[in-house]
Amino acid sequence: MRLRFLLMVVAMTVVSFAEAAKVKVDRVEPLNWWVGMKNPALQLMIHGENIADLNPTINYAGVSLDRVIKVENPNYLFVDLTIGKEAQAGTFNIEFKKGGKVQLKYPYELKKREANSANRQGFDASDVIYLITPDRFANGDPSNDTVEGYADGLNREDKMGRHGGDIQGMIDHLDYVEDMGFTAIWPQPLVENDQEHMSYHGYSITDFYHIDPRFGSNELYREFSDKAAEKGIKIVMDMVFNHCGSGHWWMGDFPTNDWINYQAEGFKPTNHKRTSIQDPHGAQVDLQGMTDGWFVETMPDLNQRNPLLAEYLIQNSIWWVEYANLGGIRMDTYPYPDADFMADWTCRVMAEYPNFNIVGEEWSISPAIVAFWQRDKVNINGYSSCLPSLMDFPIQDAVVKSLNKEESFHWSDYWNDMYEMLAHDFLYAHPEDLTIFPDNHDMSRFYSQVNENFDHFKLGITYFLTTRGIPQIYYGTELLMKGVEDHGIIRSDFPGGWEGDAINAFEGKGLSADQAEATAFMKTLLNWRKNSEAVAKGKIKHFAPEDGVYVYFRYTEEAQVMVVLNKNAEAKTLSSARFAEILKADATGKELFSGKNMNFSGDFEVPAKGYLVVDIQ
């Protein structure tokens with residue numbers, strides 16, 4: 001009898017050990033958290049084979065475990081914690097128990113926040129953002145060009161392949177960015193994109209918490225941010241919440257049955273009908289087709305209506321802000337995720353960081369559509385969010401149209417598209433917070449958009465760097481980079497970023513005369529802009545274009561700048577009297593590019609195909 005009992009005990013012990021061996025933890029996300037956050041709530045997503053067979057417990061002063069959520073998939077647990085005010089930085093064990101016995105322990109860290117983290121200053125109108133495609137900027141570490149286990153390796157011969165640019169390359173050239181006069185950098189996504197093709201572009205994320213090893217590491221990204229901050233440069237992180245990559249680690253092991261849209265059916269393309277969100281007459285099926293459809297088969301559409309996924313994404317944003325000391329977020333494809341979720345996300349992030357900034361991509365040339373998303377906008381359907389900034393596609397489109405006009409009529413001047421579009425600022429709650437740009441990584445290069453007309457290029461850049469809003473310049477725009485529609489060409493390698501390059505733009509070697517002039521021209525504007533209160537903080541007053549000339553002023557109570565743009569092939573003489581409501585009769589000023597002193601007691605001249613940027617004294 002005793003022998004039979006002992007054999008039963010041994011057998012039960014063997015079974016218990018066998019069951020425990022089947023249970024493991026391979027991921028806990030967020031990777032860590034911080035004490036002293038405004039929102040004390042934290043939800044952990046725990047992944048591991050059969051982890052739901054165990055019950056987590058925590059014994060750490062100031063931390064309470066409020067709820068354990070078990071879902072359809074036994075390989076996941078979601079654990080709600082409260083990080084109380086009394087909680088101290090440190091590491092505690094999450095103990096996983098079964099039958100009262102500890103089967104597993106997982107160490108989890110609470111970090112101390114950086115000083116004044118909650119009050120960090122996001123990018124604003126005093127900044128100019130330098131947009132970089134990291135794979136095409138500079139190869140600072142050739143050892144990570146191809147990484148074992150990642151299908152998409154180095155292939156510079158393929159315009160859509162990986163070319164080897166990385167975080168180290170951006171670190172190595174921070175001096176160039178600073179010297180040019182840029183004060184913020186927006187790199188396209190750097191997190192893992194373990195996709196077979198076109199992984200360089202970054203928008204098919206396969207791990208939201210780890211930098212792609214072909215770009216570097218989490219630690220190197222943080223070093224990049226720290227070294228940029230030493231030079232007064234903010235880092236804006238490009239985020240994607242509408243979709244993930246088809247190679248994402250959870251794609252073969254979904255937490256729930258509704259983690260992605262059309263999860264059971266598979267790929268169903270979006271109809272891209274973005275106006276369906278605001279359309280008072282729209283059909284629900286069209287709205288669903290817009291927000292739930294996938295971009296392409298390799299970009300599964302995330303279902304942000306799932307509260308667990310929603311919390312995961314919100315916390316991911318906050319984690320990166322805190323971990324990498326970010327100065328802003330750029331959100332890709334802003335109208336495509338669930339609109340209510342996006343409102344919640346913006347409000348949660350801005351509640352933690354009241355002086356932060358987020359810019360959303362709403363690719364529409366209608367200011368009414370763009371304005372809908374901005375914070376403080378009063379919408380007829382009651383929708384509101386906390387989004388501070390949007391990409392100003394309407395102004396970008398208007399500038400190109402104005403610059404490309406061949407002839408002028410009294411009812412349709414060269415500059416009328418720009419003038420009329422700026423007049424639509426009444427639609428925005430905060431037009432001064434919009435992000436303005438001549439081009440970006442998804443459109444033809446600005447120099448190509450203006451038909452490689454160097455005079456028109458300079459007129460356009462003058463406008464973007466002096467009008468209201470927050471300017472963003474794409475890398476290589478200062479070099480007159482060309483490219484029409486083809487993304488592989490638009491995102492060409494920056495000359496000098498690779499060993500053996502015949503041209504080194506970082507050092508100004510090998511540039512054409514026009515390229516050298518364009519670089520110097522932009523450098524002059526950018527560095528002047530750093531110290532211009534009128535441009536950084538001022539209002540704008542513009543005067544209706546006349547005879548091919550557009551005049552506007554940026555001004556505060558203490559400072560004033562006059563900008564004059566002349567598209568005519570001949571010089572034009574203007575009367576100061578027309579601008580008397582803002583320009584004093586005895587006003588004088590100094591023109592930026594010529595250095596000449598100007599007197600506005602009478603007429604003044606603007607050069608042919610030229611511009612004036614005058615600090616009024």
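Glu311 and Arg348 join their side chains in a salt bridge, with 2.8 Å from N to O. Glu311 belongs to helix α6 and Arg348 to helix α7 (residues 339-352), so the bridge ties together parts that lie 37 residues apart in sequence. Both ends are hidden: Glu311 is buried, and Arg348 is buried too. Keep in mind that this is a predicted model.

How many salt bridges does a search of the whole structure find? The count is 32. A few are worth a visit.

Start with Asp292 and Arg305. Their side chains meet in a salt bridge at 3.0 Å, N to O. Asp292 sits in helix α5, while Arg305 sits in the loop between α5 and α6, and 13 residues separate the two. Is Asp292 buried or exposed? Asp292 has a relative accessible area of 6%. The cut-off for buried is under 20%, so Asp292 counts as buried. Arg305 reaches 44% relative accessibility and therefore counts as partly exposed.

Lys572 is in strand β22 (residues 572-575). Asp547 is in the loop between β19 (539-546) and β20 (549-555). The pair links parts of the chain 25 residues apart. Lys572 is buried, at 15% relative accessible area. Asp547 is exposed, at 52%.

Salt bridges can also link into a network. Asp238, Arg330, Asp332 and Glu361 are joined in this way.

Return to helix α6, this time for its packing. Two packed helices are described by the angle between their axes and the distance between the axes. Helix α4 (residues 218-230) and helix α6 (residues 307-324) have axes that come within 9 Å and cross at roughly 60 degrees. That angle makes α4 oblique to α6. Which residues make the contact? From α4 come Asn218, Glu219, Tyr221, Arg222 and Ser225. From α6 come Trp319, Trp320, Tyr323 and Ala324. By type, the residues of this contact are five nonpolar, two polar and two charged.

In soluble globular proteins, nonpolar side chains tend to be buried together. Here the largest nonpolar core has 172 residues. Tyr221, Trp250, Trp320 and Trp345 have the most contacts inside this core. Helix α6 supplies the largest share of the core, with twelve residues.

Look closely at Trp320. Leaving aside residues up to four places away in sequence, Trp320 touches a list of residues that includes Val191, Phe208, Tyr209, His210 and Ile211.

End with Asn257, in the loop between β13 (234-239) and α5 (284-292). Asn257 has 59% relative accessibility. Exposed means over 50%, so Asn257 counts as exposed. Which residues does Asn257 touch, not counting those up to four places away in sequence? They are Glu72 and Gln263. Another part of the chain is represented by Asn73, 184 residues from Asn257 along the chain. The C-alpha atoms of Asn257 and Asn73 are separated by 8.7 Å.

Key. Residues numbered from 1 in each chain as written. Predicted model: local features only at pLDDT ≥ 70, side-chain atom pairs only at ≥ 80, totals over all residues. Heavy atoms only, no water. Axes fitted to C-alpha atoms, helices over the stretch in contact; angles between N-to-C directions. Helix = DSSP H or I, 4+ residues; strand = E, 2+ residues; numbered from the N terminus. Parallel < 35°, antiparallel > 145°, perpendicular 65-115°, else oblique. Contact = heavy atoms within 4.5 Å. Nonpolar A, V, L, I, M, F, W, Y, C, P; charged D, E, K, R; others polar. Buried < 20%, exposed > 50% of the residue type's maximum accessible area, 1.4 Å probe, protein only. Core = buried A, V, L, I, M, F, W, Y, C linked by side-chain atoms within 4.5 Å. Salt bridge = Lys/Arg side-chain N within 4 Å of Asp/Glu carboxyl O.
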